[in-house]
Amino acid sequence: MDIRAQLSGDVAVLTEAIIACESVSGNEKALADAVESALTGLSGLSLHRDGDTIIARTDTGAGQRIILAGHLDTVPLPTTEGSRGTVPPRWEDEQGEDVLYGRGATDMKGGVAVQLKLADDVAAHLDAGGSLDRDITWVFYDHEEVEASRSGLGRVLASVPELLDADFAVLLEPTHGVVEGGCNGTCRFEVTIPGVAAHSGRAWMGTNAIHDAAGLLGVLRDYAPQTIGVEGLDYREGLNAVRIHGGVAGNVIPDSTVVEINYRFAPDKTEEQAHAHVYEVLSGAGITRDQVRITDSSAAARPGLDHPAAKAFVSAVGGEPMPKYGWTDVARFSARGVPAVNFGPGDPLLAHTDDEHVSADALRACHQALHRWLMGGVL
């Protein structure tokens with residue numbers, strides 16, 4: 001896929017081309033190749049590739065460095081018949097507005113398109129003899145939508161962390177074009193419910209593990225999630241069963257059932273405090289710790305909007321800051337002492353939905369706001 005030819009055109013058309021390259025987690029290579037090809041040869045950029053993560057950097061000697069980051073992968077394509085948020089993408093006219101449907105339109109190929117468009121803007125600016133107040137690092141990384149241990153950004157932070165040194169970072173996650181501060185943390189658990197196998201024709205000889213999961217499911221159903229204020233922003237939590245599996249055959253009483261649980265927790269908690277809260281809730285269903293396995297865990301990030309760099313960014317792009325309910329890699333940057341915010345095109349409520357979409361106007365507005373912040377002036 002050649003997206004290089006699209007860089008100097010409309011960011012909305014560029015987004016369409018990027019969505020057209022399917023990149024479900026684990027299948028990012030084709031898009032990573034296209035991104036690398038598009039960036040190669042742009043003035044003033046040096047490139048580094050680590051697997052399917054691409055890093056591009058200016059080095060003008062400016063007094064500050066900022067990061068613009070976004071992930072290349074998406075969640076799996078929808079399977080519901082008639083879903084519009086799939087690949088290839090398609091345009092629809094909705095009340096006179098051009099709307100682009102496709103997997104990743106909001107989360108987050110629209111943001112990736114804005115990143116690439118800005119890289120071309122900066123190269124043209126430098127070609128014309130312009131200067132930068134801040135050096136810029138662009139990060140396009142793989143495996144964000146899966147367990148944290150596979151993250152391309154995490155891999156680079158472990159292997160060449162100096163490439164990600166910066167004074168401020170912007171994650172182009174969907175935020176409806178306003179700054180979203182911090183993020184909720186996330187952790188996943190597998191809870192094993194034991195049973196005793198038996199022939200289903202003689203069920204009284206066994207113990208049905210699927211039936212015995214009812215107590216746990218009832219506790220999760222009745223759980224009342226909290227809304228917690230942190231530095232002026234209200235974060236909504238959630239504790240939910242997200243998957244259940246068990247049983248071996250249609251004529252066997254299941255001897256084991258596994259319920260997978262996801263807890264989204266506010267940035268007032270550490271990971272350890274979040275884990276302890278989940279253990280306490282599960283104990284209400286008679287679940288012991290030896291029945292629970294933590295499969296994934298990522299820390300939350302506090303908003304940090306009182307930092308001078310964050311204040312200046314909010315002032316530049318406008319709008320009233322909101323909390324980020326999902327988890328994003330602002331948490332990785334914050335953990336390294338790099339203040340970071342979320343700011344990108346598209347409605348975050350549409351992320352991962354079967355009808356994922358973004359408007360052309362939202363893409364253009366996000367690009368224009370970041371262009372003004374980086375280089376001043378109006379496009």
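How are helix 1 and helix 3 oriented to each other? They are oblique, a class left over once angles under 35 degrees (roughly parallel), over 145 (roughly antiparallel) and 65 to 115 (roughly perpendicular) are set aside.

This is a predicted model, in which local features need pLDDT of at least 70, side-chain atom pairs count only at pLDDT 80 or more, and totals for chains, interfaces and linings use all residues. Residues are numbered from 1 along each chain as its sequence is written, and side-chain values use heavy atoms, with hydrogens and water left out.

Start with the whole chain. It holds 10 helices and 19 strands, counted as DSSP runs (H or I, at least four residues; E, at least two) from the N terminus. The C-alpha trace spans about 80 × 45 × 40 Å along its principal axes.

Buried residues (under 20% relative accessible area, 1.4 Å probe, protein chains only) make up 52% of the 379. Of the contacts (heavy atoms within 4.5 Å) with a separation of 6 or more, 77% join residues 24 or more positions apart.

Now return to the helix pair. The axes of helix 1 (residues 11–19) and helix 3 (residues 105–127) come within 9 Å and cross at roughly 125°. Axes are lines fitted to C-alpha atoms over the stretch in contact, with angles from 0 to 180 degrees between N-to-C directions. Helix 1 contributes V11, L14, T15, I18 and I19 to the contact. Helix 3 brings A105, K109, G110, V112, A113, V114, L116 and K117. Nine of the contact residues are nonpolar, two polar and two charged.

Conventions. Nonpolar A, V, L, I, M, F, W, Y, C, P; charged D, E, K, R; others polar. Buried < 20%, exposed > 50% of the residue type's maximum accessible area, 1.4 Å probe, protein only.
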